[in-house]
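This report covers the nonpolar core and the surface patches of one protein model.

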Amino acid sequence: MKKTTFSAVLLGLSVAAYAAEPPDNGAYIGAGAGSSAYDDDGAFRGLSFDDTDSSLMLFGGYKFLKHLAVEGRYQSFGSFTLSDLQTVDIDVSTLSVHAVGIVPFGTSGWELFGHLGLGVVSQDVGSFSDDVAAIGGGLGVRWYAARNFALSAQTDVFLWEDDSLGPTLDVSAGATQLTLQY
């Protein structure tokens with residue numbers, strides 16, 4: 001047990017020693033993957049609905065200042081399956097633009113970030129497709145392994161109103177994912 005603890009401390013110190021200070025400005029691109037969830041606001045209550053899947057994200061942005069960036073994203077939240085009488089997949093994706101606020105932790109290579117954005121959510125159900133405006137937001141923590149290469153863990157949520165089933169529903173999709181940024 002002592003060897004394991006000592007090894008973990010050594011690994012943590014070596015990772016911190018090789019961290020790079022985040023750049024103050026510049027362009028970046030990245031990709032992420034993780035798990036996602038869909039909240040239907042009770043529309044499918046009582047039915048067999050699989051509301052979780054895998055998410056994928058592609059993004060690019062420009063860091064204008066040490067504490068501010070603007071980012072464009074494409075995010076697929078995956079397919080959510082309704083399977084009572086017949087199997088129906090609901091594919092959900094977004095295309096959005098975000099303002100990103102950044103709080104660096106000195107020269108440690110670590111930074112906390114949050115973002116707010118606007119976008120379009122596409123919901124595809126068989127041959128039916130519905131595109132609606134949505135707001136998005138999220139939080140994350142990022143670590144720079146090198147000046148232009150970072151790893152992050154983040155949680156994102158998009159909210160929109162959907163009236164395609166009759167009553168207006170407050171629907172959301174969220175994802176928790178790991179991302180790589182260059």
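## Nonpolar core

Tyr38, Phe49, Phe77, Val92 and Trp160 touch the most other members of the largest nonpolar core, which has 17 residues. A nonpolar core is a set of buried Ala, Val, Leu, Ile, Met, Phe, Trp, Tyr and Cys residues joined through side-chain atoms within 4.5 Å. At least two residues of this core come from each of S4, S5, strand S7 (128-146), S8 and S9. S9 supplies the largest share, four residues. Strands (E, at least two residues) are DSSP runs, numbered from the N terminus.

The model is predicted: local features need pLDDT of at least 70, side-chain atom pairs count only at pLDDT 80 or more, and totals for chains, interfaces and linings use all residues. Residues are numbered from 1 along each chain as its sequence is written, and side-chain values use heavy atoms, with hydrogens and water left out.

## Nonpolar surface patch

Tyr62, Phe64, Leu65, Leu68, Val70 and Val97 make a nonpolar surface patch of about 540 Å². Strand S3 (52-65) and strand S4 (68-83) are the elements that give two or more residues to the nonpolar patch, and S3 has the largest share, three residues. Valine 97 lies in strand S5 (residues 87-104).

Patch residues have over 30% relative accessible area and no salt bridge; nonpolar side chains (Val, Leu, Ile, Met, Phe, Trp, Tyr) are joined within 5 Å, like charges within 9 Å. Areas come from the Shrake-Rupley method with a 1.4 Å probe.

## Negative surface patch

A patch of negative charge on the surface includes Asp39, Asp89, Glu161 and Asp163. Aspartate 163 sits in the loop between strand S8 (149-162) and strand S9 (169-181). Aspartate 163 counts as exposed because its relative accessibility is 54%; buried means under 20%, exposed over 50%. A salt bridge is a side-chain nitrogen of Lys or Arg within 4 Å of a carboxyl oxygen of Asp or Glu.

Notes:
Lys, Arg positive; Asp, Glu negative; His and termini not counted. Charge placed at Lys NZ, Arg CZ, Asp CG, Glu CD. Buried < 20%, exposed > 50% of the residue type's maximum accessible area, 1.4 Å probe, protein only.
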